[in-house]
Structures are given as C-alpha cells and as structure tokens.
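Please look through the sequence and the structure shown here before reading the report that follows.

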Amino acid sequence: MKVVVIGTGYVGLVTGACLAEVGTEVVCVDVNAEKILNLQKGILPIYEPGLEEIVTRNYENGRLSFSTDLASVIEGAAVAFIAVGTPPGEDGSADLKYVLQVAKDIGSSMSDYLVVVTKSTVPVGTAVKVNREIKQAMMDRDALMDYDVASNPEFLKEGAAVQDFLKPDRIVIGINSERAKSVLEQLYHPFLLNGRPIVFMDIASAEMTKYAANALLATKISFINDIANLCDLVGADVNMVRKGIGSDPRIGHSFIYPGIGYGGSCFPKDVKALAQTGKEYGHKLRILEAVEAVNDDQKKVMFEKIWRHFDGQLTGKVFGIWGLSFKPNTDDMREASSLVLIASLLQAGAKVQVFDPVAMPEARRELGNEVEWCTDMYAAAAGADAVILITEWNEFRLPDWPRVKTLLNEPVVFDGRNIYDLDFLQKNGFSSYGIGISPRSVMGTIKQY
Ligand code: UDX
C-alpha cells in the first residue's frame, strides 16, 4: 500500500517513518523545500529519540521518500494523511488555513479513490470543511472522483513518539464509509499486536476524543499543581498526597506530578482551542478555563519562591538554570516554563546562565544573548547564587552536591520538578525549595512519615 503524508512536523514525520518501518510505501510531503532537502540528507528538523535511525533506514531501503510536490506523488496512493500545523488563531481557536489548503491541493491532484485522513488535531467539524474543499477543487477541474474523509487523531508524546506510534494504547478512527474502514484496518494491522484496539467511531467523536484526552490530562496537572500550592501553605507534602491518592486505581499515579506548569505544542494550544469551541457553541467549559488560568500562574510560582528567598533583592544576582525544554528528551521549547521564569529573572535585574543537554540551539532562537550558555550543569552553577532545576533530564537527577556547593556563591536549590530530596539537601547545608513540599527547617514543623 502507498501512503502520502503531508506535513513533516512531529506528527507527520513520525507517522511516515513508522508506517514505512512496518512495510508501507510512504512519501512525506512538505512545502518547505529546505526541510525536504535536509530530510533527503538524513538531517531531521526535530530531536526525537529513535527517529533518525528509522528515517535513515527506510529512506535507504526505498520505502520512505520525501518530496515538495504533492501532485507528482499522489498517484497510486491509497491514503493521504494531513499532518500540517494548526496554530492558535487570535482567539485561541485552531487556525485551519494549512489543513484546508492541503485538502484543496489533494482535490486538485488526486487521480483515483483515496482516503483523506486528518491526523492534525482539529476541532469538531473540520472533516466537513476538508470534504468541502476537496469536492470544490474537483469541481473546479471537472473531475469528480470517489474518496472518503476520516479522522485519525495522534496521541504520541514528544520524547517517546516512535515507541508511542509503534505500540499505541489504541488507535482512534472516525469514519463514515465501510470502504475507508477496510483500507485503514489494513494499514494499521501491523500495530494491533497484543490486543491493542482500533476504536472506530463517527468522525465528530474522533475529533472530540483527541481534545478530551489532552484536556483531561492537562486538568490532572493543574489540579495537582493547585493542591501543591495549598500543601506549601498548610505544611503538607504533595509527594505524599500524590502517592496517597494515586494508589486508588480510579485516580492512578500518572499525570499527577506537580511542577512549574505544563508546556509543549499540545496542551496549551488544545485546552485553549477546546474552550473556544465551547464558546462558539454557547457552552462555557468552566473547568478548562480554570485549568488554563492555574497553569499560567503555575509558571510564575518558582519566581515567587526565588523572590521571597532573596527578599526581592534580585538585581545583580546570578542564577544557574538546569534544563530549558518543556520536558525531557526533546528540544522543543514551545510554551516552555523556562522562558517565563528566565524573562522574570532578567526583568528583575538578575543574570542567568543556562544548560540543557539538547535544547540549547532551539532555545537560542528565543533567548539570543540575553543569557549565558554553559557547557554543562556545573558550569551553569559556577558563581551562581542558586541553581534552579527546570527540566527533569535524567542527567540532572544525581548531581555531585558537594561539587555544586563549592561552585555556588550561596548553597540554594530551587527544584521545579520535585526530583531532589529537599530534607537531604537541608541537612547538607543547602536551602532548598520544591513545589508543594516544605522541608522541616523551612516550615518549622515535624513531618510524620
Ligand atoms: C501530550 C500528550 O501526552 C499526548 O498524548 C498528545 O498527543 C500530545 O500532548 P506532549 O506534549 O509530548 O504530549 O507531552 P507530555 O508528556 O504529555 O507533557 C506535557 C507537559 O505536562 C510537560 O510540560 C510536562 O512537564 C507536564 N507534566 C506532565 C506535568 O507537569 N506533570 C505530569 O504529571 C505530567
């Protein structure tokens, strides 16, 4: 089977490479000629563990190819995936201009029955618009052909995208034709090992499923962050609370880790877009508005702790930042909490020196020369008045604390992801702060374990 994937971002490139990996013939298409040229040379636009290997392998064995010209590669394809970006418009709704342009291009160039699948996260009702664009483009060239539209949202996580695609929890497909159903069943058959299901449903429900999943995950995070902030005030330890509530299988342990707010290309954008869809239909999604507001505030929580520790005297202070990307194992800086914190520190007159194992080239585009770029975590701590852990990369998990202490002007640690044992740090002469954890010496209370 031949498949065309339009858009070589996270979703498109991973989809194309992983489908090729199981034997499908795939052409990845993008309007950005430089990106396509680079991909042909094996240079990927993103950092994603394992992706480079499968892109290179499948490019070399001929199952995966790259093109800027949809019209010349669409012939003979059974499926066309639309995986282009849906950036937020001014009101937070998803901007569909790229998706609809691709739909139009498909209608102008297809030559045989085709299943056109939206893989980008798109609001309910988009498939209807995609359908309209395809039909109109066909009518414009007097060539009416059989086709179907389908919605197949992608649930992959950055940093684990290849594994998530190859071993999905489930595949959700919105469809309204038996013919398209059997084409997609055949395409996804290799991924259905160990009883993982394809959940077929109507198109609107599939479109809604993706938003509902991301919105609920974001809700869990904002909920625990809100609880963590209250824990700080009452002297409770959110780590204990997290373990206590997570043991109830109805709640579960995942996605209740407090931190300095969620970032990335999906949660912030999708929560906004779903809230906007609610508004359009006269149904205010009050929970989601709160989820977003709590997250915006959470990105400022660490700055407030720093400000309090230094009694508001931040001018001339130096801060060492460990981690910049919105989460580990990615170089993605979109909506990263680090950017909010760094902006506040600079605004307050502090100096910032940063290290991230992978995201520094990407971060440099945002931060330029405003910060000092360091070669490792210890260089970032050298001469600083405190270190601030922002992204929980594995290599930050077990610092050489005696070394850190000698490097710092003042032994102060702010842990934005609760990966360090704050009591241990206190005992070893550090002042230490987490999110929703108040070490004994700070709270002046005795904790019972
Ligand atoms: C998310 C969804 O998980 C994925 O299914 C969807 O397809 C795209 O959006 P991703 O954006 O790659 O994936 O990152 P994810 O691992 O979900 O983390 C999102 C943010 O939430 C990160 O900033 C992370 O640090 C934060 N987070 C996550 C927490 O603060 N606490 C948690 O317990 C979990």
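**The ligand and its surroundings**

Domain bounds come from an automatic or database domain assignment. Because domain 1 (2–201) and domain 2 (232–443) both give residues to the shell around the ligand, the ligand lies between them. This is a predicted model, in which local features need pLDDT of at least 70 and side-chain atom pairs count only at pLDDT 80 or more, while totals for chains, interfaces and linings use all residues. Residues are numbered from 1 along each chain as its sequence is written.

The ligand is surrounded by 19 residues, the closest being Glu158, Tyr257, Tyr262, Gly264 and Cys266; a residue is near a molecule if its C-beta atom, placed from the backbone, lies within 6 Å of it. Helix H9 (residues 203–234) contributes the most to this shell, with three residues, where helices are DSSP runs of H or I with at least four residues and strands are runs of E with at least two, numbered from the N terminus.

**The open sheet**

Six strands form an open sheet in the order E11-E10-E9-E12-E13-E14, with parallel pairing, two strands being paired if DSSP finds at least two bridges between them. Strand E11 (372–373) and strand E14 (431–433) stand at the edges and have a single partner strand each, so one side of each is left without a neighbour in the sheet. Strand E12 (residues 386–389) runs parallel to strand E13 (residues 412–415) and is joined to it by three bridges; isoleucine 388 has phenylalanine 414 in E13 as its bridge partner.
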